Amino acid sequence: MNKQTIGTNAGIIWQLLSNNKRWEYNELLNASQLERDQFNAAIGWLAREDKIMFEETPEHLYLGLQINFYY
């Protein structure tokens, strides 16, 4: 795996998240059709760029787009 592949995979996840739906981790993993390690690397890329938000409950981890408003 290299940076280009991780960036491409981050784009796949970004496209799935672009519907502004809150996704459960496994649901998004399955929809992406990526291997778990590829998926996690791409999520890390998006998190580092502050593009996604995480919401944890005792049972699940949810992901969604991070929306920043600048005035």
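Helices (H or I, at least four residues) and strands (E, at least two) are taken as DSSP runs and numbered from the N terminus. The structure is a predicted model, in which local features need pLDDT of at least 70 and side-chain atom pairs count only at pLDDT 80 or more, while totals for chains, interfaces and linings use all residues. Residues are numbered from 1 along each chain as its sequence is written, and side-chain values rest on heavy atoms, with hydrogens and water left out.

The loop between helix 3 and strand 2 holds Asp-50. Phi of this residue is near 60 degrees, a positive value in a residue other than glycine. Most residues other than glycine have a negative phi. Asp-50 has 41% relative accessibility and therefore counts as partly exposed; in this scheme buried means under 20% relative accessible area, exposed over 50%, and partly exposed in between (1.4 Å probe, protein chains only). A positive phi, near 60 degrees, is also found at Asn-20, which is placed in the loop between helix 1 and strand 1. Asn-20 counts as exposed because its relative accessibility is 56%.

The packing of the helices is considered next. Two packed helices are described by the angle between their axes and the distance between the axes. Helix 1 (residues 3-17) and helix 3 (residues 36-48) have axes that come within 8 Å and cross at roughly 80 degrees. Axes are lines fitted to C-alpha atoms, for helices over the stretch in contact, and angles run from 0 to 180 degrees between N-to-C directions. The two helices, helix 1 and helix 3, are therefore roughly perpendicular to each other, given that angles under 35 degrees count as roughly parallel, over 145 as roughly antiparallel, 65 to 115 as roughly perpendicular and the rest as oblique. On the side of helix 1, the contact (heavy atoms within 4.5 Å) involves Lys-3, Ile-6, Gly-7, Asn-9, Ala-10, Ile-13 and Trp-14. Helix 3 contributes Gln-38, Phe-39, Ala-41, Ala-42, Ile-43, Trp-45 and Leu-46. By type, the residues of this contact of helix 1 with helix 3 comprise 10 nonpolar, three polar and one charged. Here Ala, Val, Leu, Ile, Met, Phe, Trp, Tyr, Cys and Pro count as nonpolar, Asp, Glu, Lys and Arg as charged, and the others, Gly among them, as polar.

Ala-41 lies in helix 3 and, at 23% relative accessibility, counts as partly exposed. When neighbours within four places in sequence are left aside, Ala-41 is in contact with Met-1 and Ile-6. Ala-41 and Lys-3 are 38 residues apart in sequence, with 9.5 Å between them in space, C-alpha to C-alpha.

Helix 2 (residues 25-32) includes Ser-32, a residue that counts as buried because its relative accessibility is 7%. A polar atom of the Ser-32 side chain lies 2.8 Å from the backbone oxygen of Leu-29. Residues up to four places away in sequence not being counted, Ser-32 touches Ile-12, Ile-13, Leu-16 and Phe-39.

The strands form an open sheet of three in the order 1-3-2, with antiparallel pairing; two strands pair if DSSP finds at least two bridges between them. Strand 1 (23-24) and strand 2 (52-56) stand at the edges, each with a single partner strand, so one side of each is left without a neighbour in the sheet. Strand 1 pairs with strand 3 (residues 61-65) over two bridges, in the antiparallel sense. In strand 3, Trp-23 has Leu-63 as its bridge partner, and Glu-24 has Tyr-62. Helix 3 packs on the sheet, where it touches strand 2 and strand 3, and its direction makes about 110 degrees with that of strand 2.

Strand 2 and strand 3 run antiparallel and are joined by five bridges. Together they form a hairpin with four residues between them. Bridge partners in strand 3 include Tyr-62 for Glu-55 and Leu-61 for Glu-56. Strand 3 is mostly covered, as four of its five residues are buried.

Ala-47, also a residue of helix 3, is in contact with Ile-52 and Phe-54 once its neighbours within four places in sequence are left aside. At 29% relative accessibility, Ala-47 counts as partly exposed. The C-alpha atoms of Ala-47 and Gln-66 are 9.0 Å apart in space, and the two residues are 19 residues apart in sequence.

Key: A polar contact is a pair of N or O atoms within 3.5 Å; within protein, one must be able to donate a hydrogen and the other to accept it, and residues adjacent in sequence count only if both atoms are side-chain atoms.
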